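Visitor: I am new to this one. Please show me the structure, and I will ask how you know what you say.

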Amino acid sequence: MRRLALLSLTLLAGCSAYQLGGPKPAFARIEVLPVRNATARPGLQAIFQEKLVEDLGRDPRIKLGTGGAKLDVEVVGYRREGLTTKSTDAYSYTSYRVTIVARCTLTTDGGKKVLFKERDFTSVATLQITGDSASEERSLAPGLLSDLSTQIREAATTAW
């Protein structure tokens, strides 16, 4: 019985330092600068800005706003590559690999401390064409950008 009580106290003491969301990041506030788009694919930056603000706003360890870290994001790549299964279908693709690449820089202390610089984040999805290819491709963007946003949030809030 004594061993059980000692084990319980040990476990409780170990869990007492747990914080929801993981270790405390190197900053308490983060400002998401306007997302830029260097691709020929219009409209990605507006959706991406919304996803980043939404994702970072859900983290209980940080607040959105000025006076802390600055996150600078640019969409630098958008590719759609046809996937084939036979050597004879090279000109009649029915599925594509869509890739979006975002390049990010995260700084603190008024830009004096760089946590990461020009770091690339990539998200990939497969597009199966069944109807209107343009609208089906546009429907992939929110999911891809949400995945990128999650990757960036995790990288930004990891303990430095």
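Visitor: Why is E5 called largely enclosed by the rest of the structure?

Guide: This is a predicted model. Buried means under 20% relative accessible area. Twelve of the 14 residues of E5 are buried, so E5 is largely enclosed.

Visitor: How do you know which strands pair with E5?

Guide: Count the bridges. At least two are needed for a pair. E4 and E5 are joined by 13 bridges and run antiparallel. E5 and E6 also have 13 bridges, again in the antiparallel sense. Both counts meet the cut-off, so both are strand pairs.

Visitor: Which residues stand opposite each other there?

Guide: Take two examples. Ala-102 in E5 has Val-75 opposite. Tyr-96 has Leu-127 in E6 as its bridge partner.

Visitor: What lies between E5 and E6 in their hairpin?

Guide: Four residues. Asp-109 is in that turn, with a positive phi of about 50°.

Visitor: Which residues touch the most other members of the largest nonpolar core?

Guide: Phe-48, Leu-71 and Leu-106, in a core of 33 residues. Strands E1, E4, E5 and E6 each give two or more residues to this core, as do helices H2 and H3. H3 gives the most, with eight.

Visitor: What is Leu-106 in contact with, leaving aside its neighbours within four places in sequence?

Guide: Contact needs heavy atoms within 4.5 Å. The partners of Leu-106 include Phe-27, Ile-30, Leu-71, Leu-115, Phe-116 and Ala-156.

Visitor: Why is the pair of Phe-116 and Phe-121 called edge-to-face?

Guide: Two values decide. The centres must lie within 6.5 Å, and the planes must be over 60 degrees apart. Phe-116 and Phe-121 are 6.0 Å apart, centre to centre, with 65° between the planes.

Visitor: Are Phe-116 and Phe-121 buried or exposed?

Guide: Set each against the cut-off of under 20%. Phe-116 has 7% relative accessibility, so it counts as buried. Phe-121 has 4%, so it is buried too.

Visitor: What makes Arg-119 count as sitting over the ring of Phe-116?

Guide: One test is distance: CZ of Arg must be within 6 Å of the ring centre. The charged end of Arg-119 is 5.4 Å from the centre of the Phe-116 ring.

Visitor: And which residue lies over the face of Tyr-96?

Guide: Arg-80, at 4.3 Å from the ring centre. That value is also within 6 Å.

Conventions
Residues numbered from 1 in each chain as written. Predicted model: local features only at pLDDT ≥ 70, side-chain atom pairs only at ≥ 80, totals over all residues. Heavy atoms only, no water. Core = buried A, V, L, I, M, F, W, Y, C linked by side-chain atoms within 4.5 Å. Buried < 20%, exposed > 50% of the residue type's maximum accessible area, 1.4 Å probe, protein only. Phe/Tyr/Trp six-rings, centres within 6.5 Å; stacked < 30°, edge-to-face > 60°. Lys NZ or Arg CZ within 6 Å of the ring centre and 35° of its normal.
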